[in-house]
Amino acid sequence: MSSTRIVIAAFNEAAVIGRVVALLRAAGWSVVVIDDGSRDATGPQAEAAGATVLRHPVNLGQGAALRTAFAFVLSRTDAEFIVTYDADGQHTPEQVLPMLEPLRDGSAEVTLGSRFLQEADAAGIPASRRLLLRAATALARRTTGLALTDTHNGLRGFTRSALQRMVLQQDRMAHASEIQHEIARLRLRYVEVPVRVSYTEYSLAKGQRFLSAVSVLWDLVIAKLR
Amino acid sequence: MRGSQIVLLSLMVLYALYIVRLRSTLSDRLIYLGLAVVGAVLVLRPDWTNDLAARLSIGRGADLMFYLFVVFSLFHFAATAATIRRMQRDLGDLARALALLTPGAAAPPARASGAASPRTP
């Protein structure tokens, strides 16, 4: 398990991050948390639960926080595999191993969690959010050519070499689209892995809304400016 | 299609090409300077705006100035948005460097096995 790092971008998640990290640590995983300029005790809670914690002095966005995590893992550890994991308790430690298996056996360089590969996994998703996710997925399929079913799932796995080759610039939620574009550009071998997300009142309040999609589109357009 | 429509549509196409492919800080500054010179000339010779407007079938010189102002505003928006994006990128790089100095990040360096981090152009 020392060949794997679980990386978590966290912003104002003091209510849940301790438990999230503790569960992962209990399962034997090494955890890196990027405290993205939180104004609560996210960093100390994560540290107390056993994570390596890095802190941004200001909030930059999930994409920026994950890039910091990647930079740390690639430059300061010899981890062969990196798994991104949500901070709000939507994922469970049991979901990590299925993300790693295709990477370890060499059949994939990137694994992407999907709530829509199995109908039962999507049962807990609110209808409005499901509609938004379907629209985002349809757009991503058109623009990347990738046959994806879930384009905004925070559970992803990368081999070290795949991550080293990716050029990532998006700081906020558009990073999810950017990762897909990089997979397409580099022709990385990828596979979707079924995941069931556990929604709580807390995580639903934190999740993306329709207006977030507007911000994502805006960021993607602005990124085209030279 | 009138001459004015052709000119304005052409300017829009050039504008899109410029902001996506061709622009640089130096070219932005040259365009700003050029526009300032044009503006000064048209202040000194306002009758030229009416002549040019008539050639382009726009109508009045004031209408031509309005269309040119729209084009200038779009150019200014693109230049400013690109500058802000560069500043955000620099801010992110700075915050990342600080984060990697956090005491918790002081792990032993990896064995030499490839590039240090995902490439950022």
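**Note on the predicted model: pocket lining, aromatic pairs and backbone**

1. The lining of the second largest pocket comprises 17 nonpolar residues, two polar ones and no charged ones; here Ala, Val, Leu, Ile, Met, Phe, Trp, Tyr, Cys and Pro count as nonpolar, Asp, Glu, Lys and Arg as charged, and the others, Gly among them, as polar. The lining numbers 19 residues, and I31(B), L35(B), L68(B), V71(B) and F72(B) lie nearest the centre of the pocket. The space in this pocket is about 520 Å³. A pocket is, on a 1 Å grid over the protein atoms alone, an open set of points where a 1.4 Å probe fits, with protein on both sides within 12 Å along at least five of seven lines, and lining residues have an atom within 4 Å of a point. Grid points are joined across faces, edges and corners, and the volume is the space filled by probe spheres set on the points.

2. On conventions, this is a predicted model, in which local features need pLDDT of at least 70 and side-chain atom pairs count only at pLDDT 80 or more, whereas totals for chains, interfaces and linings use all residues. Residues are numbered from 1 along each chain as its sequence is written, chains are lettered from A and ligands numbered from 1 in the order in which they are written, and side-chain values use heavy atoms, with hydrogens and water left out.

3. Chain B has four helices and zero strands, giving the order α-α-α-α from the N terminus. Helices (H or I, at least four residues) and strands (E, at least two) are DSSP runs, numbered from the N terminus. Helix 1, helix 2 (25-44) and helix 4 of chain B each supply at least two residues of the lining of the second largest pocket; helix 2 of chain B gives the most, with seven residues.

4. Of the 121 residues in chain B, 24% are buried (under 20% relative accessible area; exposed is over 50% and partly exposed in between, with a 1.4 Å probe and protein chains only). Among contacts (heavy atoms within 4.5 Å) in chain B between residues at least 6 apart in sequence, 55% join residues at least 24 apart.

5. Over all chains, the structure holds six aromatic pairs. Rings of Phe, Tyr and Trp (its six-membered ring) pair if their centres lie within 6.5 Å; planes under 30 degrees apart count as stacked, over 60 as edge-to-face and the rest as tilted. Y18(B) and F75(B) form a tilted pair, 6.1 Å centre to centre with 40° between the planes. This pair links helix 1 (residues 3-22) and helix 4 (residues 61-99) of chain B, across 57 residues, and both Y18(B) and F75(B) are buried. Y18(B), Y32(B), F69(B), F72(B) and F75(B) form one aromatic cluster.

6. N12(A) has a positive phi near 55° and lies in the loop between strand 1 (4-10) and helix 1 (17-26) of chain A. R187(A) has a positive phi near 50° and lies in the loop between helix 7 (175-186) and strand 7 (190-194) of chain A. Most residues other than glycine have a negative phi. N12(A) is partly exposed, at 22% relative accessible area, whereas R187(A) is exposed, at 74%.

7. Chain A averages a pLDDT of 88, and 90% of the residues score at least 70; pLDDT is the predictor's confidence in each residue, from 0 to 100.
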